[in-house]
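Subject: Structure for you to look through

Dear colleague,

I am handing over the structure below, and after it you will find a description of what was found there. Please keep the model open beside the text while you read.

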Amino acid sequence: MRTARIAVVSALLLVIGGTPLAQTLPLPKELSGRWTFVKANRTQTFTLDDMAASGPSGFTARLTWWTSDPQCTIRGEPLVGRVTATGIAFDAKTKCDVSFTVELNRADDRWTGKAVTTSGPRVELELKAS
């Protein structure tokens with residue numbers, strides 16, 4: 001009896017654990033949008049190109065993230081991100097060593113979310129993409 005329970009629990013864990021999030025949330029091949037720093041009334045563009053699922057809950061892409069200072073801009077840099085239950089998330093660093101984390105949630109064909117600095121002064125940006 002105990003062996004049967006263990007087998008059932010193991011089978012359930014395998015089925016649940018083996019269901020990749022990337023399969024339940026299809027990734028676009030590319031994503032482009034704008035970030036907005038509301039407090040300073042600034043906005044710029046960003047793109048994720050060559051997006052592809054990577055493992056059960058990850059993805060790879062190339063990030064271009066325009067900044068107010070052109071010397072800090074990220075241009076076509078490879079990144080590895082995470083697929084979440086509602087969208088995607090990733091970490092990046094500008095050419096001026098400002099680190100940030102991004103969370104984008106999908107609602108139909110639109111993506112919204114935020115980017116928050118993880119180094120230096122705290123800055124939060126609003127994100128919209130399609």
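The count of aromatic pairs comes to three, where rings of Phe, Tyr and Trp (its six-membered ring) pair if their centres lie within 6.5 Å, and where planes under 30 degrees apart count as stacked, over 60 as edge-to-face and the rest as tilted. One of these pairs is formed by Trp35 and Trp65, which are stacked, with 6.5 Å from centre to centre and 10 degrees between the planes. This pair links distant parts of the chain, since Trp35 belongs to strand β1 and Trp65 to strand β3 (residues 58-65), 30 residues apart; strands are DSSP runs (E, at least two residues), numbered from the N terminus. Trp65 also pairs with Phe100, and because their ring centres are 4.7 Å apart and their planes at 40 degrees, this pair is tilted. Trp65 lies in strand β3 and Phe100 in strand β6, so the pair ties together parts that are 35 residues apart in sequence. Both Trp65 and Phe100 are buried, as is Trp35, where buried means under 20% relative accessible area, exposed over 50%, and partly exposed in between (1.4 Å probe, protein chains only). Together with Phe46, the residues Trp35, Trp65 and Phe100 form one aromatic cluster.

Please bear in mind that this is a predicted model, in which local features need pLDDT of at least 70 and side-chain atom pairs count only at pLDDT 80 or more, while totals for chains, interfaces and linings use all residues. Residues are numbered from 1 along each chain as its sequence is written, and side-chain values use heavy atoms, with hydrogens and water left out.

There are also three salt bridges, a salt bridge being a side-chain nitrogen of Lys or Arg within 4 Å of a carboxyl oxygen of Asp or Glu. In one of them the side chains of Lys95 and Glu77 meet at 3.1 Å, N to O, and this pair joins the loop between β5 (87-93) and β6 (99-107), where Lys95 sits, to strand β4 (residues 74-83), which holds Glu77, 18 residues apart. Lys95 is partly exposed at 48% relative accessibility, and Glu77 is partly exposed with a relative accessible area of 31%. Arg82 forms a salt bridge with Asp91, their closest N and O atoms being 3.5 Å apart, whereas for Arg122 and Glu124 the closest N and O atoms are 3.1 Å apart. Arg122 counts as exposed at 61% relative accessibility, while Glu124, at 39%, counts as partly exposed.

Terms used
Helix = DSSP H or I, 4+ residues; strand = E, 2+ residues; numbered from the N terminus.
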